[in-house]
Amino acid sequence: CAIVKGGREVIANVVASQIKIHEEFGGVIPEIAAREHLEAINVVIDETFKQAGVTGKDVTAFASTVGPGLVGCLLVGMNAAKTLALAYDKPFIGVNHLNAHLAANFIDTNLEPPFIALLVSGGHTQIIKVSSFSEMEIIGETIDDAVGEAYDKVARLIGLPYPGGPKLDKLAQIGNSHTFKLPEAKVGGYDFSFSGLKSAVLNYINGCKMKRQEINEADIAASFQKAVIDVLVEHAVHAAKEYRIDKFAIAGGVASKQTLREAMEKACKERGIQFYHPSPIFCTDNAAMIGSAAYYEYLQGRRDGWD
Ligand code: KG4
Ligand code: ZN
């Protein structure tokens with residue numbers, strides 16, 4: 001839960017993480033996730049108001065994610081926000097989760113459209129042309145796995161526990177990215193394909209096991225990471241050039257990765273493109289980005305009903 005002022009200023013932001021609970025199962029179990037949401041939501045809302053030093057009366061509008069996402073979890077958040085809106089007689093605004101990831105870039109910055117964005121999360125990998133606060137167009141996306149998903153799967157192949165993405169990222173830092181060559185993750189236009197990369201890693205590991213060769217997990221992680229970052233950077237800067245847009249932003253859980261941020265920043269700098277990124281806490285799922293997205297929806301006149 002978060003309280004956001006003017007779309008850019010975060011007054012309070014409280015995150016309840018379920019990672020510890022899902023670790024045991026090696027991934028998110030939707031039903032457990034929804035129940036945990038229900039247990040945590042009132043505590044998190046109370047804590048947020050306490051930290052912000054405001055009450056529901058001071059709030060202009062209430063918002064929540066309405067999709068895409070796990071439906072059981074969305075229902076909990078949406079009903080909590082609608083209940084507050086009803087109780088305080090304020091509007092409710094339903095926010096698209098992906099738009100909200102992009103809006104994380106408005107927090108503490110002066111970024112304004114038009115810009116090109118790269119959204120890399122557990123479920124999505126998209127290059128988006130953001131023309132205004134209400135107009136955006138997906139110009140490229142993955143045809144199979146999302147980047148976050150590919151990270152988690154490769155992490156599992158090399159024996160790292162859930163959530164593997166951040167752990168693989170860490171391991172890659174001590175590995176040699178030139179150990180072996182992986183297939184390119186690009187397909188036509190600005191689209192991506194990461195399942196071939198994942199299979200190549202799997203084949204390599206199986207081959208090593210058959211030959212009783214030792215595998216170096218850090219080198220695999222580094223090579224995989226390089227292949228992923230190379231294609232993300234290439235597509236992203238190419239899109240900015242082709243559409244003649246000189247502002248570029250990254251978003252989504254994987255955008256908290258420092259290696260990706262540095263590679264993107266360098267590529268943008270070389271081409272005179274201004275680079276934006278949210279701070280890591282606003283990259284992975286959080287409510288402040290929902291508040292920011294809702295603010296711009298509110299300005300456009302958006303109001304949602306109770307259904
Ligand atoms: O945006 P997000 O928090 O949730 C979704 O909406 O999907 O993204 C979660 C994804 C997970 O796949 C996680 O492994 C990945 O982001 N992730 C990372 C890092 N931090 C989070 N992947 C690589 N390196 C990281 N540092
Ligand atoms: Zn997300």
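1. Proline 163 sits in the loop between α5 and α6, where helices (H or I, at least four residues) and strands (E, at least two) are DSSP runs numbered from the N terminus. The peptide bond that joins tyrosine 162 to proline 163 is cis, with omega near -10°. Please keep in mind that this is a predicted model, in which local features need pLDDT of at least 70, side-chain atom pairs count only at pLDDT 80 or more, and totals for chains, interfaces and linings use all residues. Residues are numbered from 1 along each chain as its sequence is written, chains are lettered from A and ligands numbered from 1 in the order in which they are written, and side-chain values use heavy atoms, leaving out hydrogens and water.

2. The loop between α4 and β5 is worth a look too. It holds proline 114, and the peptide bond from proline 113 to proline 114 is cis, with omega near 5°. Aspartate 108 is in the loop between α4 and β5 as well; its phi is positive, about 60°, although it is not a glycine. Aspartate 108 is exposed, at 63% relative accessibility (buried means under 20% relative accessible area, exposed over 50%, partly exposed in between, with a 1.4 Å probe and protein chains only).

3. Arginine 212, in the loop between α7 and α8, is a residue other than glycine with a positive phi, near 55°. Its relative accessible area of 79% makes arginine 212 exposed.

4. Now to the metal. The zinc ion (ligand 2) is coordinated by His97 (NE2), His101 (NE2) and Asp285 (OD), at 2.0 to 2.1 Å. Donors here are N, O and S atoms within 2.8 Å of the metal (3.2 Å for Na, K and Ca); water is not among the atoms, so sites may look incomplete. Histidine 97 and histidine 101 lie four residues apart in helix α4 (residues 97–103), so about one helical turn separates them. Histidine 97 is buried at 14% relative accessibility, and histidine 101 is buried at 1%.

5. The largest nonpolar core has 49 residues, such a core being a set of buried Ala, Val, Leu, Ile, Met, Phe, Trp, Tyr and Cys residues joined through side-chain atoms within 4.5 Å. Helix α8 gives the most to this core, with 14 residues. Phenylalanine 194 is among the residues with the most contacts inside the core. Not counting residues up to four places away in sequence, phenylalanine 194 touches residues including Thr125, Ala150 and Leu232 (contact means heavy atoms within 4.5 Å).
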